[in-house]
Amino acid sequence: MTIDARGRMSLLFHADKLNELLEVAWRTGLLEKIDAAPDEGVRLAELCDSLGMVPGRLYKALDCLEGLAFVERIAGPTMLETRYRSFEPLAPAAALVFGDDSIERDRHAQPWGSLRGRLGEVLRGEPGIPAEDFAWPPTSEQAARFAASMAAGVPPIAESFQRADLFAGAVRLLDVGGGNGTLACALAENHPELSVDVFELPELQPLAESVFSASPAAARLGFRSGDAIGGSLPDGYDAVAFVRILHDWPDEVARELLRKAASRTDRIIVCEEFRTPSRLALQTFWSYFLIGVDGCVSRLREWKRYEAWLDELGFESELHPGAFDIGSATRR
Ligand SMILES: C[S@@+](CC[C@H](N)C(=O)[O-])C[C@H]1O[C@@H](n2cnc3c(N)ncnc32)[C@H](O)[C@@H]1O
């Protein structure tokens, strides 16, 4: 089912058309019907009847979905008897990409326009994205916008934490680089015995405090202001979490952050897009955008890499797979 390089480039060249096709397929319910098909597939005639679509036209649209390797076509004796099924659920994936509040729409609103048409020069050393548009770490003026963008991606992370069930019993958690505290709120609200402090740059404090004040778990939420890179981490926590933090830094800084955490706690939690083909694809926007932001390295790493570093620090790790994989390590 692999599509060769020429084929993939053709798809990419026509991405605008295919995006419309996918969004229409999702919004009309076509994807849902294909997802719900039995093993032998759903007939074209049935799709047309239930969706009020024209067979000869839908057949071509479905060829596009097949070209994208989203659907499998099972030929029948006539065009109307052609059957379709999806290789994996398409409607939920489309909702995450094309939905009105999708993370992709939020990413698209980042100031990536200054790279457009200049990518070759930027790769050869010309200035990238102006710091007044996007600096790393964000300036105090940019902090709210960036934190809101990060917060938009928190629900699947919170859900993965909920599923991994890492906080049995009373736990004090330090969320290093916890942004505006959206994840801290979700964790504290989901685990009544958990208290969470966000450790962040000082400019995030008013943002986090405003988020905390609206939470029913406000009494168990706190903010610790500091610099995790230049300074040390505070003491007194049962667990220290790095959520979408370590991949922002080169190896030596990421290892040093883990070492600092290991000197403060017996439990370290790492959650980010660990490097797999699908996660790398999901990260594409940032990989592209950060070409223009030298201060942020963007280093997606395999979980195995973190596991090895944690092992060197005397920690035994376990991976909890989910919408976001979560690595949890305990001192041996
Ligand atoms: C990619 S965001 C992740 C935010 C949050 N953990 C999440 O997943 O939504 C990285 C965060 O690291 C914070 N950060 C950057 N440098 C830092 C430092 N030296 N000390 C503490 N936090 C820092 C930024 O302010 C930002 O909120």
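Predicted model: local features only at pLDDT ≥ 70, side-chain atom pairs only at ≥ 80, totals over all residues.
Let me start with P137, which lies in the loop between α8 (119-123) and α9 (140-152); helices here are DSSP runs of H or I with at least four residues, strands are runs of E with at least two, and both are numbered from the N terminus. The peptide bond that leads from W136 into P137 is cis, with omega near -10 degrees.

Residues are numbered from 1 along each chain as its sequence is written.

Staying with the backbone, most residues other than glycine have a negative phi, and most peptide bonds are trans. Against that background, A69 has a phi near 65 degrees, a positive value in a residue that is not glycine, and A69 is placed in the loop between α5 (55-67) and β2 (71-74). With 16 other C-beta atoms within 10 Å, S298 is partly exposed.

Turning to the strands, pairing means that DSSP finds at least two bridges between two strands. Strand β10 (residues 326-331) runs antiparallel to β8 (residues 267-271), to which five bridges join it, and within that pairing I268 stands opposite A329. Six bridges join β10 to β9 (residues 315-320), again in an antiparallel arrangement, and here H320 has I326 as its bridge partner. β9 and β10 form a hairpin, with five residues between them.

On the domain level, the protein chain is divided into domain 1 (5-97) and domain 2 (112-331), with bounds that come from an automatic or database domain assignment. The centres of the two domains, taken over C-alpha atoms, are separated by 37 Å.

Finally, the ligand: which residues come nearest? Of the 18 residues around the ligand, they are M150, G177, G179, A228 and R244, where near means that the C-beta atom, placed from the backbone, lies within 6 Å.

Notes: Buried ≥ 20, exposed ≤ 12 C-beta atoms within 10 Å, placed from the backbone.
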